[in-house]
Amino acid sequence: MIQINSISFSFGAQILFQDFSLATNAKCACIAGNNGVGKSTLLKLAAGILEPASGTIKISGEAIYVEQECDEIPQSVFSSFWGGDNEARKFYSMLGVTEEKISRWEELSGGEKKCIQIAAALAENPCALFLDEPSNHLDGENKQKIISALKNSRAQILLVCHDREFADALCEQTIFLFRESETFADGEDKVCAKIYNSNLSRALELRGAEFFSLQNEWQDANQNSQKIKNAVEKWRQESARAAGRMKKSAIEKGDHDAKQKIDIARISGKDRTAGDTQARFESLLARTNERRDKIKRPLSKKSGFAFSKANADFEAGNRFSANGIPENILQFPQKILANGKSIDSFDIKRGARIAIVGKNGSGKTLLVKSILQTAKEKGRAENVFYLPQVTDENFRETLCKKFESLSDGEKGAVLSTLYRLNSNPDSLAQRENIFDASPGEIRKIAIAMSLCQTPPYLYILDEPTNHLDLESVLAIEAALKNLSAALIIVSHDKVFLKNVLRENFFSISL
């Protein structure tokens, strides 16, 4: 059992958790939520790496946290791998970890390093294991090895993961973290949790249906409130007219019959009919508004891309129009890559959908670089947008210079698109330099900027979902699948590929 009781935690002036509680006894649970909501921080708090300002965290036994990056070899490898404990060594065997691989750590692929990192954690035989984005950089084969190893562990597992296929294979429970003020109208500025006793994909469906139901319920209540409000106004006017008719000062002095009728109306109470009806409707309106205001109204936002006015010709109802894109964008000739693999020639046409798949180290990035070189040789480099797997300092610096060269209108379009891609532009704008943002935010900034001058004919995206939260992955899926530009995507995320590239896409397996 992992039990978190009324914890509070802040980063400087930013309050992350306040009187936050959570309990789970699931064998494996997935934590989902937006970038910056506190998923990794919650794992570190649970593992004891960070200390809450108040509250308690109870875990029965040792807990180990496995960070997202795997730059450094885990020090426990040197004792557990060469130790005599067969129970510990079995995890190294399951994940294909050998003495030779350990000795050449610096030369290994990200997926191979991740296998060693997780094997070392499992070899410690912890009671609780906290994994931060464990599927990053993993090919299909290594994913299956890690899934099998985790299932064979005695540890209770809590993981942050955007890979639906990976999470669905392991998790029986999904915990959504969300900042209430960014999720519901009039919500408090605090992080909350909603637990679904299902895997990640099913939880997404349930959450979507829940939000849709709440939105409809609030709209129905609001429409009913408006109808009653109209009735209140109608009877208010009728009451005012009735009050005017009851004034004797407006009657001629000799008109005794009219004055008598007013006296009879006052005695019988007929003069109060309109006012009483108005009062009843006002009371009903107050009760109706009270019921409506108890319904949490989900905030909604547009998705897709926002276009600057300069590029209005490219917009067609939230689609990147085919106007202006040539039918034949690029022809890639038959080539032998640097790793010795032969690639047949293929055409990249307008609207093409191409997936490049294969094991870690099979040459996927080599093929991408070869396509980029061909585009340069054919004079198409300016028409190609490339998002590398690793957004290093040079990439950030170039991106920053491009952003500063944009007009105010184009910068506004970038920020609008960032909002649609599940970022908070206000939060980014508060930074001294928005390019100091997280790797996931940098990837979204790059994609948003790609449309704000001359939109590309071809997108080449190398592992575009790395470092992104699930909500952002879903937002980018929705945006990319509506482009008429050609797409080449390198990814181990089968669900992402299927959703973006649709059923009829061309796959290059290496």
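Start with I460: this residue stands opposite I488 in β17. Strands here are DSSP runs of E with at least two residues, helices are H or I runs of at least four, and both are numbered from the N terminus. From β16 the chain passes through helix α17 (residues 470–480) to reach β17, a β-α-β crossover that is right-handed. Right-handed means that, with the strands pointing away from the viewer, the path from the first strand over the helix to the second runs clockwise.

A quick word on the source: this is a predicted model, where local features need pLDDT of at least 70 and side-chain atom pairs count only at pLDDT 80 or more, while totals for chains, interfaces and linings use all residues. Residues are numbered from 1 along each chain as its sequence is written, and side-chain values use heavy atoms, with hydrogens and water left out.

| Pair | Sense | Bridges |
|---|---|---|
| β14 (residues 353–357) and β17 | parallel | 4 bridges |
| β16 (residues 458–462) and β17 | parallel | 5 bridges |
| β1 (residues 2–11) and β2 | antiparallel | 7 bridges |

As for β17 (residues 486–490), 5 of its 5 residues are buried, so the strand is largely enclosed by the rest of the structure. Buried is under 20% relative accessible area (1.4 Å probe, protein chains only). A486, I488 and V490 cover one face, L487 and I489 the other.

Elsewhere, β2-β1-β4 is the order of an open, antiparallel sheet of 3 strands. β2 (14–24) and β4 (54–59) sit at its edges with a single partner strand each, so one side of each has no neighbour in the sheet.

How values were computed
Buried means under 20% relative accessible area, exposed over 50%, partly exposed in between (1.4 Å probe, protein chains only). Two strands pair if DSSP finds at least two bridges between them.
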